[in-house]
Every structure is written in C-alpha cells, then in structure tokens.
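Open the structure in your viewer and keep the selection tool ready. We will go stop by stop.

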Amino acid sequence: IAYTTQRQEKAPSAAVSVLVQKGKKSKAVWRPLQDGESLSSADNYRIVFQPEDLSYFYVFQIDSTGKLDWLYPKNRTLPYSIGTNPVGPGRWVQLPGEREAFHLDENKGVEHLYVVATHAQWIKLEESLAKAAKRAKAIPVKASLNLKTRGVGGMRFVEAPLPNEIKASKDVSQLIGGKDGVLVVEKWFRHVAQEHQ
C-alpha cells in the first residue's frame, strides 16, 4: 500500500512524544521515553501530539510477535481506542485521556509505537490496521510503511492530568516534519519483568 499523495505535497509537521511515569506512585514524574529504555507493567505511558496544521493521525503499537493494537482514532478493533480525525492545528491530543494512562500486559519483549500523520484521510492504512489487528499480525502494515519492527495491557486512572510545563518543554513541543506527504514517528522500548519491592 502506498500513500496516494503528490510527492511535492507538503508533509504534516507535529509535536509528538511518548511520556512515561515509572511505577504506580501517583506523584511519579512524567518524562519523555528514551528509545531502548525498559518499561514494566507497573509503569504508565501516554502518547501526546499536536499538529501544526489540520492532520489525520493514526497511532498503533506492535509487539515482537506481530500483535497490533490500533490506539487512535477510535475503532472497533480495540475497546480502549480513542479520538477522532482530523485534528485541528495547535490542539494537544493525549492518549488515552487527561486522567488515564496506558499500561503494559504481562508479556515481555521489544515494543514499537508508531504515530502516523497525513493531510488527507488514509483509507487503505485504516483498512490494513483493521485487518492486522483482527488477525494479530502486523505484516501488511509493516510492509506499507517500511517499518522495522508486546502489547498494551489496557488503561488505568492516573491522579493528575499532564502538567502544562511538560507539554511546553522542548523535548515534547518540538515540531517533527514528515516527507513525501506523510509523517511517521517510531518509538521503541523493552518490556521487562516488574521489579518486586
């Protein structure tokens, strides 16, 4: 599948970040995820993005077995998917919500998160995401985006929304530009066993 856009068309630009809160303590600090870092099922994470101009976003997570969780926009393949397209300029979107966070299941391995943005709705990608999520294999999606390649355990309540100073920080608010009409941001981490205290 190829994104049907003119190559000379301007690609979307957006601020995109994955934020983590280590441990279940409500006062734990939110900070940007570093690629390759270790997370356990005790940790919380959120995906945040803000487009420079009107854009369509697709957010999904793929585990090392090919299991795909389609997180954004809301869809039938995942009960805790959320949101609608398109997203207006300057609007911050927090997944899964202002008072929730994702947590991991109990499976271990390398996990990949993808945030994809386009200026027009990408029907073929939506179809591929739905098929891949239903059969728990991400091969068509990986091939369509030329992705390298465990899973979301669900979401849980967190005590406070993301502080404004985090959203304003350089690590979170810096614009990332796409190319050839599409923006693809990949983040990855190692899902490890929870440390017992």
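The tour below moves from a pair of strands to some aromatic rings. Keep in mind that this is a predicted model.

Stop 1: Select residues 56–62, strand S5. S5 and S6 pair in the antiparallel sense, over 4 bridges. Now look across the pair: Val59 stands opposite Tyr72 in S6. Between the two strands of the hairpin are 5 residues. Pick Gly66 there; its phi is positive, near 100°.

**Stop 2: stacked rings.** The model holds 6 aromatic pairs. For one of them, select Phe49 and Phe57. Their ring centres are 4.2 Å apart and the planes meet at 20°, so this pair is stacked; the cut-off for stacking is under 30 degrees. Phe49 is buried, at a relative accessible area of 0%. Phe57 is buried too, with a value of 0%.

Stop 3: Where do the partners lie? Phe49 is in strand S4 (residues 44–51) and Tyr72 is in strand S6, so the pair ties together parts 23 residues apart in sequence. Both Phe49 and Tyr72 are buried.

**Stop 4: a cluster.** Select Tyr45, Tyr80, Phe102 and Phe189. Ring pairs link these residues into a cluster.

**Last stop: a charge over a ring.** Select Trp30 and Arg46. Arg46 lies over the face of Trp30, 4.5 Å from the ring centre.

Notes:
Residues numbered from 1 in each chain as written. Predicted model: local features only at pLDDT ≥ 70, side-chain atom pairs only at ≥ 80, totals over all residues. Heavy atoms only, no water. Pairing = 2+ DSSP bridges. Phe/Tyr/Trp six-rings, centres within 6.5 Å; stacked < 30°, edge-to-face > 60°. Buried < 20%, exposed > 50% of the residue type's maximum accessible area, 1.4 Å probe, protein only. Lys NZ or Arg CZ within 6 Å of the ring centre and 35° of its normal.
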